[in-house]
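Q: I have the sequence and the structure open. Can you walk me through the chains and how they meet?

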Amino acid sequence: MTEATSLRARDGFALLRYRKSRDRMVELLLLAAGLVAVFTTIAIVCVLVYESSFFFRHVSIVDFLTDTMWTPLFADARYGIMPLVSGTLTTTMVALLVAIPVGTIIAIYLSEFATHRLRETVKPVLELLGAVPTVVYGYFALLMVTPLLQKLIPGLPGFNMLSAGLVIGLMIVPYIATVSEDAMRAVPRYMREGSYAMGATRLQTALRIVVPGAFSGIAAAYILGISRAVGETMVVAIAAGMQPQLTFDPTEPAATITAYIVQVSLGDLPHDSIGYQSIFAAGLVLMLITLVFNVIGFFLTRRFREAY
Amino acid sequence: MSMDVSTPTHAVSDKRQAAAMQGDSRIQPAGTPSVSIAIDERKTVAANTPKASSQGLNFWYGSNHALKGIDLAIPENQVTALIGPSGCGKSTFLRCFNRMHDLQPETRYQGAILLRPDDVNLVSREVDPIEVRMRIGMVFQKPNPFPKSVFENVAYGLRLRGVRNRLNLAERVEKALRDAAIWDEVKDRLEDSALALSGGQMQRLCIARALATQPELLLFDEPTSALDPIATAKIEELISELRQRVTILIVTHNMQQAARVSDFTAFMYLGELVEVDATSRIFTNPSRKATEDYITGRYG
Amino acid sequence: MAATAQMTLEEIRSGLGWRKQLDKLFVIAGLSIVLACLGVLAILFLDLVRDGSARFGWDFFTSFPSRKAERAGILSAAVGTTMIMFVTALAALPVGVAAAIYLEEYAPKNWLTGIIEINVTNLAGVPSIVYGLLALGLFVYQFGFGQSVLSAGLTLALLILPIIIVATRESLRSVPKAIREAAYGLGATRWEVSRDHVLPYSTGGILTGLILGLSRAIGETAPLITIGALSFIAFLPPSPVSAEFPFLNFQWLRSEYTAMPIQMFNWVSRPDQAFQANAAAAGAILLGMTLAMNGLAIWIRYRFRKRINW
């Protein structure tokens with residue numbers, strides 16, 4: 001093995017050039033695949049802005065943002081997005097009123113109280129709850145929750161934001177619970193032990209030490225949950241009705257931004273009509289709202305990760 | 001290496017007595033091996049042809065200047081050991097030889113490591129790390145066989161080099177396993193998973209894997225620190241034998257191991273090369289105080 | 001509680017008493033809420049099965065939609081869903097796995113990598129209907145694919161891309177660094193390390209990711225509605241295999257289609273009560289498939305975790 005061997009005479013060196021160029025080609029292909037994600041985002045922005053631009057030639061932005069009626073399909077069309085925003089806001093609020101307490105309690109319970117076995121059994125099942133197709137949840141809201149609520153609240157219309165909101169809340173409970181629980185588990189043991197050593201109960205430790213310690217992670221969970229609720233489509237399309245109304249009363253039917261887009265898509269409007277283009281304008285607003293929440297959630301998550 | 005035991009031992013014990021009388025504890029190292037080592041005055045680093053030599057090697061991890069101007073010749077067909085306290089840079093230096101640092105971001109080399117006979121500068125930016133790794137082999141601290149069969153583990157390096165012929169592969173795999181002193185133990189288990197072997201066997205398999213590609217220089221990074229004493233002994237024996245075939249550079253935190261196994265030992269401290277000499281000399285009569293302090297256990 | 005006075009044992013016990021009660025109460029509350037949520041899932045499933053039971057049968061699976069509820073079936077929807085899932089998997093899997101390999105094995109820590117990672121995270125949070133709008137503008141009109149199986153498949157592929165990327169990255173990461181070092185030490189190139197050592201041991205995680213992605217895609221309605229899935233399709237897309245040369249054709253990709261969730265949505269939206277049974281049956285099937293796929297994914301994850309003990 002110590003015979004002098006020149007670089008080229010050893011086996012494998014001729015092959016090396018081929019291997020290296022193959023490696024470089026593969027790297028470019030893989031990079032292209034990674035860039036698909038970037039192009040998708042760029043494409044979303046481009047499509048929404050481009051198509052909305054046609055819309056905004058006919059409707060001023062001020063009107064769009066402040067008008068209180070949304071009746072694009074009427075003869076005397078009005079294009080104020082406020083009714084749709086109010087619908088989205090109300091259903092989201094109802095959803096959060098359910099999801100935040102329930103999700104947080106579940107998270108605290110799983111993280112601080114449950115045994116390892118229980119946690120490992122419950123978590124996958126909770127994931128399943130979040131995996132149910134939204135159209136099935138829509139059915140649930142319309143045909144099971146609404147009749148139930150109608151018994152409790154006489155005079156509740158068949159389409160209302162309350163059922164839709166409650167079911168959306170149920171839908172995002174698993175998400176808030178898992179993300180919060182992960183955040184709480186990341187709080188280091190020694191912090192809990194300090195509290196236990198002083199004679200605190202598990203609940204006191206959870207509420208006074210763990211939850212504050214995991215705060216940015218939990219906040220991120222809430223924010224991202226809001227984003228999910230805002231973007232939810234089928235439950236509201238099925239159960240909340242598709243009548244845009246400017247109202248914050250959950251017992252009324254209303255349309256959200258998402259339900260409106262569905263409604264137009266189901267219809268027969270030609271591609272270049274303004275009614276049709278209004279869905280892109282609505283989509284743009286939706287995108288901006290969820291983007292804001294996602295970005296806040298992203299920074300909260302990062303701050304949380306840096307802390308631990 | 002001549003093993004003239006009688007005179008040197010007396011010489012050493014005379015010195016010891018003299019030292020003891022003067023209250024000088026210099027030659028009573030706490031960590032010296034119990035076996036007497038003959039001092040061969042003819043054995044010096046300079047007297048041997050180097051297989052590789054590091055010239056003014058500097059290395060940075062980000063802004064951390066980890067290796068400072070190392071000049072060290074690695075004699076051919078000999079075992080050279082690198083010793084020193086934790087953090088002294090011995091593993092860092094070892095990994096420069098096969099450009100493993102290139103796998104991390106923000107690393108920078110300056111200076112040269114010349115590989116004879118063609119005097120290629122291993123750390124030069126123009127030399128492809130893959131080519132370097134094809135000529136220089138490494139055995140790692142924790143045995144890391146692939147989760148494949150014993151045969152495939154050893155054959156992998158050959159396959160990378162384009163060896164396809166089944167017969168050729170089988171021959172070379174067998175030779176490597178024999179050279180690694182593990183053939184008898186695995187010859188009936190070549191298709192079994194390598195992970196079913198014991199720790200010591202896995203490490204010898206890793207040695208076979210490295211040998212299969214006929215490296216010009218074989219690097220050992222604390223190869224026995226995760227193994228039991230019996231497995232360690234087998235591997236030390238193997239390393240001693242292997243020196244006839246390939247030049248060996250071994251990092252060890254165990255001084256006794258360095259004393260048992262190596263011909264030359266280099267002592268490093270805080271990223272610098274403090275001293276290098278024949279093993280026999282460095283452990284009994286180091287010329288630098290820092291070396292002596294380390295060997296006598298003043299600091300670890 | 002005076003700062004200097006030490007508490008007697010009785011004082012401690014009585015103070016502790018109500019705190020422990022609260023603790024116990026919380027355990028009960030937590031457990032009941034968890035069970036309630038799981039219970040809701042069970043109730044939902046059972047209710048669907050019960051309501052739809054009248055319609056389960058061979059003709060439900062083999063009939064086209066019809067104006068008469070008793071005769072309406074999910075044949076076209078089921079076939080449509082299958083075809084779409086095929087396109088989705090074919091599009092999303094290679095791109096997702098490739099992107100994940102790039103991010104894990106190749107990407108240097110520079111701004112481009114950061115941008116890719118931010119985008120992957122961001123896309124996971126984009127509402128599904130926005131994907132529909134993107135597809136409408138891009139696939140249906142700009143590229144001219146029309147309201148077809150191809151558009152639907154590509155849309156859903158983009159939707160589940162983040163899921164596949166994240167799952168693949170996780171399983172690539174679980175391969176120990178020592179294996180990579182050993183391979184590099186022998187002179188392997190980056191692609192060889194990925195191809196020979198990292199990918200083979202990640203197939204479990206990748207498969208899990210694919211199944212989870214598809215289980216999400218199968219239930220997506222909004223994007224499909226936006227790109228114009230019709231729900232009264234009384235025909236099947238042309239079959240990909242035919243008896244004559246070249247035996248395989250791609251016409252089915254350009255065909256109009258419907259899908260299971262669309263069909264269910266259509267039936268639920270009808271005021272006619274008779275269709276509710278159909279909707280329930282379709283829903284039961286959809287939910288059953290989703291649960292089965294998720295269960296499969298969890299099982300695969302479990303099995304693969306035990307297979308190789310590094």
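Q: How far apart are the centres of domain 1 and domain 2 of chain A?
A: The centres of domain 1 of chain A and domain 2 of chain A, taken over C-alpha atoms, are separated by 32 Å. Domain 1 covers 13-58 and domain 2 covers 70-307, with bounds from an automatic or database domain assignment. This is a predicted model, where local features need pLDDT of at least 70, side-chain atom pairs count only at pLDDT 80 or more, and totals for chains, interfaces and linings use all residues. Residues are numbered from 1 along each chain as its sequence is written, and chains are lettered from A and ligands numbered from 1 in the order in which they are written.

Q: How many residues does each domain of chain A put into the contact?
A: Domain 1 of chain A gives nine residues and domain 2 of chain A gives eight residues, where contact means C-beta atoms, placed from the backbone, within 7 Å. On the side of domain 1 of chain A that touches domain 2, six residues are nonpolar, two polar and one charged. Here Ala, Val, Leu, Ile, Met, Phe, Trp, Tyr, Cys and Pro count as nonpolar, Asp, Glu, Lys and Arg as charged, and the others, Gly among them, as polar.

Q: And how many residues of chain A are in contact with chain C?
A: 72 residues of chain A are in contact with 67 residues of chain C. Helix α1 (residues 13-58) of chain A supplies the largest share of chain A's side, 22 residues. That side of chain A divides into 49 nonpolar, 15 polar and eight charged residues. Helices (H or I, at least four residues) and strands (E, at least two) are DSSP runs, numbered from the N terminus.

Q: What about chain C against chain B?
A: There, 16 residues of chain C are in contact with 18 residues of chain B. α7 (177-185) and α8 (190-198) of chain C each supply at least two residues of chain C's side, and α7(C) has the largest share with six residues. That side of chain C splits into nine nonpolar, four polar and three charged.

Q: Staying in chain C, where is the kink in α1(C) centred?
A: On Gly17(C), with a kink of about 30 degrees; the bend at a residue is the angle between axes fitted to the seven residues ending there and the seven starting there. Helix α1(C) runs over residues 9-52 and reaches 63 Å from its first C-alpha to its last, close to the 64 Å expected at 1.5 Å a residue. The expected span is 1.5 Å times one less than the number of residues.

Q: And α5(C), how big is its kink?
A: About 35 degrees, centred on Ala135(C). In α5(C), 13 of the 15 residues are buried, so the helix is largely enclosed by the rest of the structure. Buried means 20 or more other C-beta atoms within 10 Å of a residue's own, with C-beta atoms placed from the backbone. Just after α5(C), Gly144(C) takes a positive phi of about 75 degrees.

Q: Switching to chain B, what is the strand order in the open sheet of four strands?
A: The order is β2-β1-β4-β5, with antiparallel pairing; strands pair if DSSP finds at least two bridges between them. β2 (64-75) and β5 (120-121) of chain B each have a single partner strand, so one side of each is left without a neighbour in the sheet.

Q: How many bridges link β1(B) and β2(B)?
A: Eight, in the antiparallel sense. Tyr61(B) has Asn64(B) of β2(B) as its bridge partner.

Notes. Contact = placed C-beta atoms within 7 Å. Buried ≥ 20, exposed ≤ 12 C-beta atoms within 10 Å, placed from the backbone.
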